[in-house]
Amino acid sequence: MQDTALGIYAVILSQSIKFKQVMAKNVLSMMLMLLLLTFTACGSDDDSNGSLSSNEKSVLNTLSGTWQSEDGSTTITFSPWSSPKEIPGVSVLKEVKVKFYGTATKTIGGIKTSYFFYVKTSSNIVGAYTQYSSTEYSVGDHFEYTYKIVSSNKITLNGNTYNKK
């Protein structure tokens with residue numbers, strides 16, 4: 001009887017340890033995401049008073065519209081707003097507001113995902129977080145590309161060429 005009780009205790013203890021390890025990984029993952037968002041959301045590389053700099057206006061005017069990769073596998077549509085908006089995250093990210101410049105959709109293999117996008121003109125970065133609702137973002141699906149404006153009808157994102165449709 002005592003051996004059985006010890007065996008049950010050992011199983012419960014091992015399950016408890018596994019649960020704590022999983023929870024520690026989840027908490028660590030959330031902390032890393034918050035840290036990532038903090039560095040993404042903060043920065044003084046662009047105008048911070050809510051209006052657009054001339055450089056931001058130029059980049060947003062060029063990005064505005066639908067872009068298709070040269071191989072036809074990916075389509076990205078950027079729809080900039082007239083001024084940036086700070087949008088809170090969903091759930092535990094409510095307090096982490098990110099300055100977004102508009103909405104975007106990315107379609108790969110017929111699967112379309114909606115995003116809020118941001119630009120960092122000083123480092124030629126355009127990135128986005130999943131649009132969880134019309135007023136919240138999620139870190140579920142995120143992309144960040146280094147962009148180069150080749151012409152008003154051609155850009156590169158991480159070295160891949162996209163043409164305006």
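Two strands are taken to pair if DSSP finds at least two bridges between them. The model discussed here is predicted. With that criterion in place, Thr74 has Ile108 in β3 as its bridge partner. This contact belongs to the pairing of strand β2 (residues 74–88) with β3, which is antiparallel and extends over 11 bridges.

**Overall architecture**

The protein chain contains 2 helices and 8 strands. Along the sequence their order is α-α-β-β-β-β-β-β-β-β. The 8 strands make a closed barrel, in the order β1-β2-β3-β4-β5-β6-β7-β8, and the pairing is antiparallel. On average, neighbouring strands of this sheet are turned by 40 degrees against each other, direction ignored.

Of the 165 residues in the protein chain, 33% are buried. The accessible surface of the chain is about 9,800 Å², and carbon and sulfur atoms account for 56% of that area. When contacts between residues at least 6 apart in sequence are considered, 49% of them join residues at least 24 apart.

Strands β3 and β4 form a hairpin with 2 residues between them. In the turn of this hairpin, Gly109 has a positive phi of about 55 degrees.

| Strands | Bridges | Sense |
|---|---|---|
| β2 and β3 | 11 bridges | antiparallel |

**Aromatic pairs**

Which geometry do the rings of Phe100 and Phe116 adopt? A search of the whole structure finds 9 aromatic pairs. In the pair of Phe100 and Phe116, the ring centres are 5.4 Å apart and the planes are at 35 degrees, so the pair is tilted. Planes under 30 degrees apart would count as stacked and those over 60 as edge-to-face, so the value of 35 degrees falls between these limits. The pair links distant parts of the chain: Phe100 is in strand β3 (residues 97–108) and Phe116 is in strand β4 (residues 111–120), 16 residues apart.

Both partners are covered. Phe100 has a relative accessibility of 0% and therefore counts as buried. Phe116 is likewise buried, with a relative accessible area of 1%.

Phe100 also forms an aromatic pair with Tyr129, which is edge-to-face, at 6.4 Å centre to centre and 80 degrees between the planes. This pair too links distant parts of the chain, with Phe100 in strand β3 and Tyr129 in strand β5 (residues 125–133), 29 residues apart. Tyr129 is buried, at a relative accessible area of 0%.

Ring pairs link Phe100, Phe116 and Tyr129 into a cluster with Trp81, Tyr118 and Tyr137. The ring of Trp81 also has a charged neighbour: the charged end of Lys85 sits over this ring, 4.4 Å from its centre.

Note on methods: Residues numbered from 1 in each chain as written. Predicted model: local features only at pLDDT ≥ 70, side-chain atom pairs only at ≥ 80, totals over all residues. Heavy atoms only, no water. Helix = DSSP H or I, 4+ residues; strand = E, 2+ residues; numbered from the N terminus. Buried < 20%, exposed > 50% of the residue type's maximum accessible area, 1.4 Å probe, protein only. Contact = heavy atoms within 4.5 Å. Areas by Shrake-Rupley, 256 points an atom, 1.4 Å probe, with all protein chains shown as cover. Phe/Tyr/Trp six-rings, centres within 6.5 Å; stacked < 30°, edge-to-face > 60°. Lys NZ or Arg CZ within 6 Å of the ring centre and 35° of its normal. Axes fitted to C-alpha atoms, helices over the stretch in contact; angles between N-to-C directions.
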